[in-house]
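Please keep the sequence and the structure in view while reading.

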Amino acid sequence: MLRSKVLTSALTTALGVGLAASLGASPAVAAPDDRAVSPVNATVAYAGSAAEAKANQAFFDAVVKSVAKKRAAAPGAAAVTVVYSASNAPSFRTQIARSTQIWNSSVVNVRLVEGSNPDFRYYEGNDSRGSYASTDGHGGGYIFLDYRQNQQYDSTRVTAHETGHVLGLPDRYSGPCSELMSGGGPGTSCRNAQPNAQERARVDQLWRYGLASAFKN
């Protein structure tokens, strides 16, 4: 989920009782205040809201623009490389490594690589509204991983879900546990950290064709 705050602020997406995703400027200490998120201590299934659906679309639009820019810069590349940094989230290095490995083994048109001058960064900390992702709409962003949320939910699922936002996937809380972007919808017992076939295909389509045919199916 996410809300959009254009021009002066980053676009942010947060996963109510579950997880969230991102690309944008770095957080100061904790999460910025421009997000609508359900309490993280809720234990019931989360369905999302109309405001979050609108924010999801704004976030997706920003990612699509980033994809188009990267594709234009390397039109002949087999895969677009997206560089990330995990240096500001040392407690989650294992989960970050697992989630990027999951995505790199699931799709072919985009590859996540850790390195310098990153497109997005992972951060960790405490925020009562949970984990989230944010984008500046120009190919830069960050993922914030909340300590408490990652204790309540499977941490690799949280991280992989948030990374899915960076790759262009919106939240879909009504989905089953087998759907990674259903986030906190299926509840705390869901431990699946793998995108399903449709999610993998959508990411590949987006990073192969960008604005031309993203999410037409």
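E114 has a relative accessible area of 40% and therefore counts as partly exposed, the classes being buried under 20% relative accessible area, exposed over 50% and partly exposed in between, with a 1.4 Å probe and protein chains only. The model is a predicted one, in which local features need pLDDT of at least 70 and side-chain atom pairs count only at pLDDT 80 or more, whereas totals for chains, interfaces and linings use all residues. Residues are numbered from 1 along each chain as its sequence is written, and side-chain values use heavy atoms, with hydrogens and water left out.

E114 forms a salt bridge with R93, and the closest N and O atoms of the two are 3.1 Å apart; a salt bridge is taken here as a side-chain nitrogen of Lys or Arg within 4 Å of a carboxyl oxygen of Asp or Glu. This pair links distant parts of the chain, since E114 belongs to strand β3 and R93 to helix α2, 21 residues apart. R93 is itself partly exposed, with a relative accessible area of 40%. Helices (H or I, at least four residues) and strands (E, at least two) are DSSP runs, numbered from the N terminus.

The structure holds three salt bridges, and the table lists them.

| Salt bridge | N to O distance |
|---|---|
| E114 and R93 | 3.1 Å |
| D154 and R191 | 3.0 Å |
| R172 and E179 | 2.5 Å |

D154 counts as buried at 12% relative accessibility, while R191 counts as exposed at 59%. In the salt bridge of R172 and E179, R172 is partly exposed, with a relative accessible area of 39%, and E179 is buried, at 6%.

The strands come next. Strand β2 (residues 80–88) pairs with strand β3 (residues 110–114) in the parallel sense, over five bridges, where pairing requires that DSSP finds at least two bridges between the strands. Among the individual bridges, T81 has R111 in β3 as its partner.

Strand β2 also runs parallel to β4, to which it is joined by three bridges; S85 has R121 in β4 as its bridge partner. Strand β4 in turn pairs with β6 in the parallel sense over six bridges, with I143 in β6 as the bridge partner of Y122. Strand β4 (residues 120–125) has five of its six residues buried, so it is largely enclosed by the rest of the structure.

How many aromatic pairs does the count come to? Rings of Phe, Tyr and Trp (its six-membered ring) pair if their centres lie within 6.5 Å, with planes under 30 degrees apart counted as stacked, over 60 as edge-to-face and the rest as tilted, and by this rule the count comes to seven. Y132 and Y142 form an edge-to-face pair, 5.6 Å centre to centre and with 80° between the planes. Y132 lies in strand β5 (residues 132–135) and Y142 in strand β6 (residues 141–146), so the pair ties together parts that are ten residues apart in sequence. Y132 is buried at 0% relative accessibility, and Y142 is buried at 2%.

The rings of Y132 and F144 have centres 5.3 Å apart and planes at 25°, so this pair is stacked. F144, like Y132, is buried. Y123, Y132, Y142 and F144 form one aromatic cluster.

Confidence is expressed as pLDDT, the predictor's confidence in each residue, from 0 to 100. The mean for the protein chain is 74, and 65% of its residues reach 70 or more. Confidence is highest in α2, at a mean of 98, and lowest in strand β1 (residues 11–14), at 46. Over residues 28–48 the pLDDT is below 50, and beyond near neighbours in sequence this stretch has 60 contacts in the model, a contact being heavy atoms within 4.5 Å. Residues 211–217 also stay under 50, and for them the model has 16 contacts beyond four places in sequence. Where pLDDT is low, the predicted coordinates should not be read in detail.
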